[in-house]
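Subject: Structure handover

Hello,

Here is the structure for you to look over. My notes come after it.

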Amino acid sequence: MVAISKIATGNGHGENSPYFDGWKAYETNPFHPKDRPDGVIQMGLAENQLCFNFIKKWVMEHPEASLCSAQGVAKFKETALFQDYHGMPEFRQAVAKFMGKVRGDRVKFDPDRVVMSGGATGAHEMVAFCLADPGEAFLVPTPYYPGFDRDLRWRTGVELVPVVCESSNDFKITRNALETAYEKAKEANLRVKGLLITNPSNPLGTILDRETLKGIVKFINEKNIHLIGDEIYAATVFMEPEFVSISEIIEEVECNRDLIHIVYSLSKDMGFPGFRVGIVYSYNDAVVSCARKMSSFGLVSSQTQHLIASMLSDDGFVDSFIVESKDRLFKRHKYFTWSLSQVGIGSLKSNAGLFIWMDLRKLLKEKTFEAEMDLWRVIINEVKLNVSPGSSFHCNEPGWFRVCFANMDDHTMEVALLRIRTFMLKHNEAMVPQKLCRRSSLKLSLSRRRDGFMSPSIMSPQSPLVRAIN
Amino acid sequence: MGVLSRKATCNSHGQDSSYFLGWQEYEKNPYDEVTNPHGIIQMGLAENQLSFDLLESWLAKNPDAASFRRDGQSIFKELALFQDYHGLPAFKNALVDFMAEIRGNKVTFDPNHIVLTAGATSANETLMFCLAEQGDAFLLPTPYYPGFDRDLKWRTGVEIVPIECTSSNRFQITASALEKAYEQAQKKNLRVKGVLVTNPSNPLGTSMTRDELDLLVNFISDKEIHLISDEIYSGTVFSSPAFVSIMEVLKDRNLEKTEVWERVHIVYSLSKDLGLPGFRVGAIYSNDPIVVAAATKMSSFGLVSSQTQYLLSAMLSDKKFTKEYIAKNHKRLQKRRSKLVAGLEKAGIGCLESNAGLFCWVDMRHLLSSDTFEAEMELWKRIVYDVKLNISPGSSCHCIEPGWFRVCFANMSEDTLKLAMQRLKSFVGSIAVNDRSHRDLKNSRRKFRTKWVFRLSFQSFHDREQDER
């Protein structure tokens, strides 16, 4: 009996990683303020839920953007028929403009270089297909988003070689680390085709400074390899220092532009993962041409293109949204990190993203990944929070955890913080009983709760592994 | 320059095919009734534009579905966040019901066995990734949809080996053609992983007979390989014989829960049946849970927008609407097809008798200057550039006989179709005087084979036959 493919039966989908195990735990016992107050709180999903009321208001006020409403139906037929893989011009223009605005209009993006894809997931796979043959490799700084193992490698046959970054210098990407990784690939007989950076970083929540970016651009030009900049968190930079995009750097230093490609999406910046709006933006004409043909495998629904085109061409809305979103992220981040510090939990200093890189190294029984897994199981099963262990991000040092803060309402955040406090108090008592007992009278002010920002109970599943409640 | 991948620099995307070049010519000079009445009329695009009014009136009656609301409440946020690759249950339920309805409810489908993908384009590629290794092969009956060269082969590295079908028996699949293809693959050292058929056929517009389906089941049983049935045109079967799905055949032969059962997979889409190619709604249906699991994970690379899933779940759950839509759509397609056939007849052109699809498989062999593909290309260029009709030459569909063309009829207004037929008639008339007598002698050899197969009932051709007899 003929088998199915190795790709289908193997583990290349990456779902056996602990990153997904936590989601499974959440799935079997999800938190709900009324129905399941003791359930697991999802802090492992990098979603941006803070601005929906703002966006919803725009949607209500613009029924024509919804295509099928009475105001929009005149465009229904032509939109429903539109399957041109170039994408709707209005869509590309609106996206290019948005990308520019998110970068403070310091650079302009050409709508003709905007290529659609099935989310950033589809974009990454597509870029890998365009730039590398099976058996070739990309360098990726650690820690990195676990999904890359699937997106860049699974069906493409491309390998990933880690550029190891260390906590000793806040996980900066050094020239040394890049060179080491490049040599390692050579030793393993892997031809390096490119370097993939995520900026702002997932899971770190930090941005790359100008010097590092220039150094990276210099490195890839010297080695004549591609640079893929995943900038899907660009609009989540909520405080100084200001975001610097690769698109800006290449205006400042000498660079072969045929090597530069950007992956973008609306899933994080706008909070629209369900709409599957992924973008490949390349400065290389041949890549744009090839990617465009490949985009047939993951075009954006024209219904969605229409909505996004309407929304993002509304300059007033976009400008307000960008400011409002940053403000809400800033406040949420500040409150969350401050609350953690009150119970002795630190995190990497960050100014972007939908998560923090939490430092629990001192809670480890020993400096091993086994100990990290043990701690993680405690956090899931006892503290009842789904957080993501650093090992699933290929971090070289145990004890770090990514914790998402933008995918829940204020009330849920308070419950999560309370659980963390309780856990830390127990832990601190166990460690240093006398000194910290006084902390039991800790009363964190709850007046920081945002007014009018209680969203209705979260009903939808938030991970690809959770079946929809309908 | 940093070198690109081989996939990026080769031609396997298939876009240098004449199929796509015709489109490019059309893009440069597209017909418009008012602004460009002498432009090229698009007859190379298999779209269904006949029933939009039905969709629009449904939308008017169901404002909630259209605008992110359910029972008056906004569900914008929930939809915007919904990226579960298992898909919206309500949509999958509605979709499988719709698929069953199209098959006269003779079979039912399990929503847990369906995987949503970004169009049939993505579904076909995903199935290749799931079922075959690089270098393996799938057998496909010719003529076939040109896009398969890209969808099945480009990024997967899978090969296609043709099952050659001819006009001698209406291009039906025969046992010997299947065996011949299988042997061809073996000679090339290609491991055959399965057969992929399109039923109803693109470009033929015919639905497969029960005999053909039985033949296929026997073949894949015997060789222990997969069968993919691309049934994206199943809802366009507008006249008898009624559509018979591969699932029905398996059921009738009591093959459920056997090994063969798990090797049969269906590809579906709403691009043709509902005329919504822009919404990118495709699906894989497999009886093998491992394939379903793998394909589901792969669908991450091309999920269906939640906004679209929600709209269509509401639409397809409205059984009154789907019943009415299917019936009216069939009537309109049938009517439109007869207009095309009548127009062709007036131009002295016949076509394969068909009961489905959005196109006809048109026989222009008698207009060729020679029985060659060069002559076919020559004729095609004249039709595109002089007659200003973009139709698809059979060679782009890998037909082994020159002279056949796919002509679409559902993607334009009735007036435009009429104009296209007038242009064609004038063109044929103009070449008849010069070329026909010369070619008749060549054609008489083929005559006896084809005469009894085709319904070519127009005056001029009959006259010619009588002369030759």
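Below are the conventions, then the findings.

This is a predicted model, in which local features need pLDDT of at least 70, side-chain atom pairs count only at pLDDT 80 or more, and totals for chains, interfaces and linings use all residues. Residues are numbered from 1 along each chain as its sequence is written, chains are lettered from A and ligands numbered from 1 in the order in which they are written, and side-chain values use heavy atoms, without hydrogens and water.

Annotation in chain A

The UniProt record, an unreviewed entry, places "domain: Aminotransferase class I/classII large" at residues 41-420 of chain A. Such annotations may be inferred rather than shown by experiment; positions follow the numbering used here, and feature names are shortened. That stretch of chain A is 41% helix and 15% strand. Its end C-alpha atoms are 11 Å apart. Helices (H or I, at least four residues) and strands (E, at least two) are DSSP runs, numbered from the N terminus.

Buried positions in chain A

Buried means under 20% relative accessible area, exposed over 50%, and partly exposed in between (1.4 Å probe, protein chains only). Helix α12 (residues 302-312) of chain A is largely enclosed by the rest of the structure, because 10 of its 11 residues are buried. Among them are Gln303(A), His306(A), Leu307(A) and Met311(A).

Ile216(A) lies in helix α9 (residues 210-223) of chain A. Its relative accessible area is 1%, so Ile216(A) is buried. Contact means heavy atoms within 4.5 Å. Leaving aside neighbours within four places in sequence, Ile216(A) is in contact with Ile173(A), Leu178(A), Leu195(A), Ile197(A), Leu208(A) and Leu227(A).

Ser247(A) sits in helix α10 (residues 246-252) of chain A. Ser247(A) is also buried, at 1% relative accessibility. Beyond residues up to four places away in sequence, Ser247(A) touches Arg103(A), Val107(A), Phe109(A), Ile262(A) and Tyr283(A). From Ser247(A) to Arg257(A), 10 residues along the chain, the C-alpha separation is 9.8 Å.

Thr198(A) belongs to strand β5 (residues 192-198) of chain A. Thr198(A) counts as buried at 16% relative accessibility.

Helix pairs in chain B

Axes are lines fitted to C-alpha atoms, for helices over the stretch in contact; angles run from 0 to 180 degrees between N-to-C directions. A crossing is right-handed if the near helix is turned clockwise from the far one by less than a right angle, left-handed if anticlockwise.

Helix α9 (residues 175-187) and helix α10 (residues 210-223) of chain B have axes that come within 10 Å and cross at roughly 35°. The crossing of α9(B) and α10(B) is right-handed. Ala175(B), Leu178(B), Glu179(B) and Tyr182(B) in α9(B) meet Leu215(B), Leu216(B), Phe219(B) and Lys223(B) in α10(B). These residues divide into six nonpolar, no polar and two charged. Ala, Val, Leu, Ile, Met, Phe, Trp, Tyr, Cys and Pro count as nonpolar, Asp, Glu, Lys and Arg as charged, and the others, Gly among them, as polar.

For helix α6 (residues 89-102) and helix α14 (residues 319-346) of chain B, the axes come within 11 Å and cross at roughly 40°. The crossing of α6(B) and α14(B) is right-handed.

Cysteines

The structure holds zero disulfides over all chains. A disulfide is a pair of cysteine sulfur atoms within 2.5 Å. The sulfur of Cys255(A) is too far for a bond, because the closest cysteine sulfur, in Cys130(A), is 18 Å away.

Best wishes
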